[in-house]
Amino acid sequence: MESDMMEPLQNDSVARPRASGDPRSNPSPKSGPAEALPKETVQGLSNGPGLSLAEGPDLSSSRAKWIELIPLILSLLLALWAQWALDQRRYEPWSFVVYGLAALLFVWAFRAWALERSDGDDSGEISSLSRKWWLVGVAVILGGLSFPLFKGNRFTSGGVLLWAGGLILLWWAMRDRETRGERLLARWRNRLSPEGIRIPWAALAVLGSMLVGAFYRFYRLDEIPLEMGCDLPLIYENVKLILEREFLVFFPIHPGREGLFFYMAAPYARLFGLDHYGIKFASACIGVLTIPVLYLLTRELFGREAGVYSAFFLSVARWHVILSRTGFRAILMPLFVMLVWYGLVRAIRTGRRSSFFWTGCVLGLGMYTYNAFLIMPFGIVACLGVYAVIDRGRFLRRHWRDTLLLLLVALFVFIPLGRYVWDEPKMYLYRVATRVTDIEIQLPANIVTVLLDNFRKAALMFNYVGDIVFISNVPFERQLGFASGILFVLGLAYVLARWRREYNVLVLGLLLFTVMPAVLSIAFPHEVPNAIRASGALAPVYVLVGGALALVRRGFHDLLPEATQRRVVLDFRVSDAADWHVARKLKLDARPLAVVGLVVLLALEARSVYPTYFERYVDHLPARNYSISLEIARAIDDFADDGESYVVPWPYWYDGNALRAQLRVEDRDWHNEFAALHPNDAPLSNLEGKAMFILHPEDSRSMEVLRVFFPRGVALQHSDYDGNTAFITFYGER
């Protein structure tokens, strides 16, 4: 394993000159023993026991470090109090003020520290495009030929061949002379030695985070959440279409959904059968795979240590844990935001044309994930524009062709979905339009006021009041954990203060753009904050969390006094003839306390997720996670071999699609639902043999009809977890 556990922070290259005694003049001192102590000691009391310390080195440097620690410690204490006050809903105006003061002190404490990873010598030899433009031209022709073949909202064999062929040509035109595989092979060869394989400590840490994340995402996944609700049955039907070899580009079942998640869930369904658990299993797997991607992104921005912290905090993030277990396609949103962002930073830093290609691929593929990703192309263009201004155009002057190729590749990947948008623009944009236009409800009179209020609520969801919808959050609880919420505020303040440095403008820009899908809900402002639509913000939020903790850890490591040795002399003198002299050296070091504090912080954050999800989240689910549709389906399956089953619907009771999706014995095309029961109408008029009727507990009229029609019938009550009657099964025979 590599021995360099933590990489040092760099000094700000433009910081003012520092005095030689300033501890920040060397932000990464090596810990080691203090200078040699003098042998002379101060005598104890002459006529009794005494205790004395040997003279040590000059403590002026240690005092300077302690003085530097004051704003850091104070900022953390103020932030702790502010977050506690917000959670208690106490001193609310002042808690925001204190939070702001804590952020200012944090920025002051690290005013001369550079967290951002500077551009290294990562660039490779870039091949010329002068002889490859014909490949790009042929690829464009193939893409144009494939466009009409995707008519009818289908992935056709001819269209896919032309489309994939054009994409391969684009890759060939933009590939590097030294391939990614060759670089990875060389890196692994360097890790091999006669003593064994050198495994980076960060790899082990990220693997550990993935294991922790897997526990929180798969533990009792079959039980929580148990109810399919109204969205999962439609996802079930979409995956079912794929299994039936209906390869749609866009799935128009109300209100219309992008299909990448369904194709990712289909292999499990093919192997083990299509069910509720299989859909949740697919989203949980994606959630775990997002953890190492966040590590790579944060490492690219703020270094390896920050990447490790970001990965761990995401693994125990309540927001991401809940999203991973729902089975919603929105779980792809944070993953693809991270992939696009990572590829873009790699492209800017290295200038490798292959990085531009893969970034374009991911950007185009992201359009097949979730409708909130529609904001990302605008966000990328805007962020690149601001970065070009800060960079004074140096990047664009050198790579404007590569940037255009990135957009071309993204557009090329979008071709199949673009054909559907060309044919059915209203259907494709229907869900978005219902939130930003008046096609479903009249817009408020003052749109600007609503937008500002939506932005305020979205900004407060991280630390104050989160989503109120039970399926995506513990209602009204903040989206972030206690520690991660504090670190997010401090990290955001640090990056705001240094927004012109390196890629900080991308952090701020993407944070703004990824919350906009929630903010733009003008027609339904009560839906803000929205943890699902703003799920892309998980990427910049936890990048900031990891960066802030790396700063705090390094700050304590560099500013706490180094280990200091002192000679303790214990002198007992009973008489002139009896004299005991004992001397011991003690090593006083405050740095291990910082390490212990870091471990305790991470452990508490991980521990807090369990009661949040497996207790409070469950308590806020309808009927405390009792699935009415599943229990009705089980009752129908149990009676399937004896006779026909019928259900009399009731308002806001169960979802019929969810009921049918969970049938195992009865045919899933079962539709024996009747709005009312009459002796002279079906199903009672032509009933023969045994039958079971499922009623709502308040449906006294249907119960009266059944008791008259079946004088010897039997009614059984089925109770939920709280002992309340969930439904009634009535058994009769004619």
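Is F462 buried or exposed, and what is its relative accessible area? F462 is buried, with a relative accessible area of 4%. The views below come from a predicted model.

**View 1. The chain as a whole.** The chain contains 26 helices and 13 strands. It has 734 residues, and buried residues make up 52% of them. Among contacts between residues at least 6 apart in sequence, 76% join residues at least 24 apart.

**View 2. W319 and F462 form a tilted aromatic pair.** The ring centres of W319 and F462 are 6.1 Å apart, with 50 degrees between the planes, and the pair is tilted. W319 belongs to helix 11 (residues 318-326), whereas F462 sits in the loop between helix 19 (447-460) and helix 20 (482-497), so the pair ties together parts that are 143 residues apart in sequence. W319 counts as buried because its relative accessibility is 1%. F462 is buried too, at 4%.

**View 3. The largest nonpolar core, seen around W341.** This core has 173 residues, and W341, F462 and Y542 touch the most other members. Helix 22 (residues 538-559) gives the most to this core, with 14 residues. Leaving aside residues up to four places away in sequence, W341 touches L297, L301, L506, V507, L510, A539, P540 and V543. A second, separate core has 17 residues, among them Y626, A633, M692 and A726.

View 4. F150 counts as buried because its relative accessibility is 1%. F155, at 24% relative accessibility, counts as partly exposed. Both residues belong to one aromatic cluster, together with W163, F251, F261, F262 and Y263.

View 5. Helix 2 (residues 92-109) has 18 residues. From its first C-alpha to its last it reaches 26 Å, close to the 26 Å expected at 1.5 Å a residue. Its buried residues are S95, V98, Y99, A102, A103, L105, F106 and A109. These cover an arc of only 165 degrees around the axis, which puts them on the same side of helix 2. An α-helix has 3.6 residues a turn, so residues three or four places apart point the same way. On the other side of helix 2, P93, W94 and L104 are exposed.

**View 6. Helix 10, a mostly covered helix.** Helix 10 (residues 304-315) reaches 17 Å from its first C-alpha to its last, close to the 16 Å expected at 1.5 Å a residue. Of its 12 residues, 12 are buried.

**View 7. Cysteines C285 and C383.** The structure holds zero disulfides. C285 has 26% relative accessibility and therefore counts as partly exposed. C383 counts as buried because its relative accessibility is 4%.

Conventions
Residues numbered from 1 in each chain as written. Predicted model: local features only at pLDDT ≥ 70, side-chain atom pairs only at ≥ 80, totals over all residues. Heavy atoms only, no water. Helix = DSSP H or I, 4+ residues; strand = E, 2+ residues; numbered from the N terminus. Expected span 1.5 Å × (residues − 1). Buried < 20%, exposed > 50% of the residue type's maximum accessible area, 1.4 Å probe, protein only. Arc of directions from axis to C-beta. Disulfide = S-S within 2.5 Å. Core = buried A, V, L, I, M, F, W, Y, C linked by side-chain atoms within 4.5 Å. Contact = heavy atoms within 4.5 Å. Phe/Tyr/Trp six-rings, centres within 6.5 Å; stacked < 30°, edge-to-face > 60°.
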